[in-house]
Amino acid sequence: MLPQRLKKAITDNPKKLGNLIDLVNLPSTLRDFLGQSQISRLGCFIRVWSYIKTNNLQDPKNKNVVNCDEKLKGILLGKKRVELAELPSLIKLHFPKEPK
(Lines give C-alpha, C1' and ligand atoms only; values in the text may rest on other atoms or scores of the structure.)
Protein backbone atom coordinates (compact mmCIF):
# COMPACT_ATOMS: atom_id res chain seq x y z
CA MET A 1 0.00 0.00 0.00
CA LEU A 2 1.50 3.31 -1.07
CA PRO A 3 1.35 6.28 1.29
CA GLN A 4 -1.06 9.01 0.17
CA ARG A 5 1.76 11.52 -0.43
CA LEU A 6 3.55 9.11 -2.75
CA LYS A 7 0.35 8.31 -4.66
CA LYS A 8 -0.28 12.03 -5.19
CA ALA A 9 3.32 12.61 -6.34
CA ILE A 10 3.06 9.77 -8.88
CA THR A 11 -0.30 10.97 -10.16
CA ASP A 12 0.76 14.61 -10.41
CA ASN A 13 4.11 13.97 -12.06
CA PRO A 14 4.78 10.49 -13.52
CA LYS A 15 8.18 11.65 -14.88
CA LYS A 16 9.34 12.22 -11.30
CA LEU A 17 8.64 8.54 -10.54
CA GLY A 18 10.67 7.57 -13.61
CA ASN A 19 13.63 9.53 -12.27
CA LEU A 20 13.40 7.55 -9.02
CA ILE A 21 13.12 4.07 -10.52
CA ASP A 22 15.18 4.25 -13.75
CA LEU A 23 18.45 2.34 -13.60
CA VAL A 24 21.54 4.54 -13.78
CA ASN A 25 25.23 3.74 -14.23
CA LEU A 26 26.84 4.61 -10.92
CA PRO A 27 29.96 6.69 -10.29
CA SER A 28 32.83 4.77 -8.71
CA THR A 29 32.17 6.01 -5.14
CA LEU A 30 28.62 4.62 -5.12
CA ARG A 31 29.64 1.54 -7.10
CA ASP A 32 32.20 0.66 -4.41
CA PHE A 33 29.72 1.32 -1.60
CA LEU A 34 26.84 -0.67 -3.12
CA GLY A 35 28.84 -3.36 -4.87
CA GLN A 36 26.93 -2.99 -8.14
CA SER A 37 27.28 -0.88 -11.26
CA GLN A 38 23.63 0.10 -11.85
CA ILE A 39 20.75 0.97 -9.55
CA SER A 40 17.80 3.31 -9.38
CA ARG A 41 17.86 6.35 -7.12
CA LEU A 42 15.13 4.80 -4.98
CA GLY A 43 17.01 1.50 -4.81
CA CYS A 44 20.16 3.36 -3.78
CA PHE A 45 18.34 5.20 -1.01
CA ILE A 46 16.87 1.92 0.28
CA ARG A 47 20.32 0.27 0.29
CA VAL A 48 21.91 3.23 2.11
CA TRP A 49 19.07 3.25 4.66
CA SER A 50 19.51 -0.51 5.17
CA TYR A 51 23.26 0.02 5.71
CA ILE A 52 22.53 2.71 8.31
CA LYS A 53 20.08 0.47 10.18
CA THR A 54 22.28 -2.66 9.97
CA ASN A 55 25.31 -0.80 11.34
CA ASN A 56 23.36 1.13 14.02
CA LEU A 57 24.50 4.49 12.69
CA GLN A 58 21.49 6.47 13.91
CA ASP A 59 22.28 8.66 16.88
CA PRO A 60 20.74 6.92 19.95
CA LYS A 61 19.70 10.26 21.44
CA ASN A 62 18.27 11.71 18.21
CA LYS A 63 17.07 9.17 15.64
CA ASN A 64 16.83 11.95 13.03
CA VAL A 65 20.64 12.13 12.88
CA VAL A 66 23.00 9.63 11.29
CA ASN A 67 26.57 9.31 12.61
CA CYS A 68 28.53 8.40 9.48
CA ASP A 69 31.25 5.76 9.53
CA GLU A 70 34.15 6.01 7.06
CA LYS A 71 32.34 4.03 4.36
CA LEU A 72 29.22 6.22 4.57
CA LYS A 73 31.29 9.43 4.66
CA GLY A 74 32.69 8.40 1.27
CA ILE A 75 29.30 8.85 -0.40
CA LEU A 76 27.92 11.67 1.78
CA LEU A 77 30.51 14.36 1.00
CA GLY A 78 32.71 13.43 3.96
CA LYS A 79 30.15 14.59 6.53
CA LYS A 80 30.48 13.15 10.05
CA ARG A 81 26.81 13.65 10.89
CA VAL A 82 23.83 13.94 8.55
CA GLU A 83 20.19 14.78 9.22
CA LEU A 84 17.85 12.12 7.82
CA ALA A 85 16.09 14.83 5.81
CA GLU A 86 19.41 15.54 4.01
CA LEU A 87 19.94 11.94 2.84
CA PRO A 88 17.85 12.01 -0.35
CA SER A 89 19.46 15.23 -1.60
CA LEU A 90 22.98 13.96 -0.80
CA ILE A 91 22.29 10.70 -2.63
CA LYS A 92 20.73 12.58 -5.56
CA LEU A 93 24.05 14.39 -6.12
CA HIS A 94 25.53 11.10 -7.39
CA PHE A 95 22.90 10.75 -10.12
CA PRO A 96 23.23 12.68 -13.39
CA LYS A 97 20.55 15.21 -14.26
CA GLU A 98 18.06 14.17 -16.88
CA PRO A 99 17.99 16.37 -19.99
CA LYS A 100 14.71 18.28 -20.30
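Reader: Which cut-off makes a residue buried, and what percentage of the chain counts as buried?

Author: Buried means under 20% relative accessible area. In this predicted model, 29% of the 100 residues of the chain count as buried. The chain exposes about 7100 Å², of which carbon and sulfur atoms supply 55%.

Reader: What is the mean confidence of the chain, and where is confidence lowest and highest?

Author: The mean pLDDT is 80, and 75% of the residues reach 70 or more. Confidence is lowest in helix 2 (residues 14-21), with a mean of 53. The highest value, 96, belongs to strand 3.

Reader: How many helices and strands does the chain have, and what pattern do they follow along the sequence?

Author: There are six helices and four strands. Read along the sequence, the pattern is α-α-β-α-β-α-β-α-β-α. As for contacts between residues at least 6 apart in sequence, 28% of them join residues at least 24 apart.

Reader: How should I read the largest nonpolar core, and which residues have the most contacts inside it?

Author: The general idea is that nonpolar side chains tend to be buried together in soluble globular proteins. In this structure, the largest nonpolar core has 21 residues, and those with the most contacts inside it are Cys-44, Val-48, Leu-72, Leu-76 and Phe-95. At least two residues of this core come from each of helix 3 (28-34), helix 4 (41-54) and helix 6 (87-92). Helix 4 provides the largest share, four residues.

Reader: What span does helix 4 reach, and what span is expected?

Author: Helix 4 has 14 residues and reaches 20 Å from its first C-alpha to its last, close to the 20 Å expected at 1.5 Å a residue. Just after helix 4, Asn-56 takes a positive phi of about 50°.

Reader: Which residues of helix 4 are buried, and against which elements do they pack?

Author: The buried residues of helix 4 are Gly-43, Cys-44, Val-48, Tyr-51 and Ile-52. They pack against helix 3, strand 2 (38-39), strand 3 (65-67), helix 5 (70-73) and helix 6. Val-48 illustrates this packing in detail: not counting residues up to four places away in sequence, Val-48 touches Phe-33, Leu-72, Ile-75, Leu-87 and Ile-91.

Reader: Where is Phe-95 found, and which residues are in contact with Phe-95 beyond its neighbours within four places in sequence?

Author: Phe-95 lies in the segment after helix 6. Phe-95 counts as buried, since its relative accessibility is 10%. Leaving aside neighbours within four places in sequence, its contacts are Val-24, Leu-26, Leu-30, Ile-39, Ser-40, Arg-41 and Cys-44.

Reader: Is His-94 buried or exposed, and which residues does His-94 contact beyond its neighbours within four places in sequence?

Author: His-94 is also found in the segment after helix 6. His-94 is buried because its relative accessible area is 18%, which is under the 20% cut-off. Apart from neighbours within four places in sequence, His-94 is in contact with Pro-27, Thr-29, Leu-30 and Ile-75.

How values were computed: Residues numbered from 1 in each chain as written. Heavy atoms only, no water. Core = buried A, V, L, I, M, F, W, Y, C linked by side-chain atoms within 4.5 Å. Buried < 20%, exposed > 50% of the residue type's maximum accessible area, 1.4 Å probe, protein only. Contact = heavy atoms within 4.5 Å. Expected span 1.5 Å × (residues − 1). Areas by Shrake-Rupley, 256 points an atom, 1.4 Å probe, with all protein chains shown as cover. pLDDT = per-residue confidence, 0-100.
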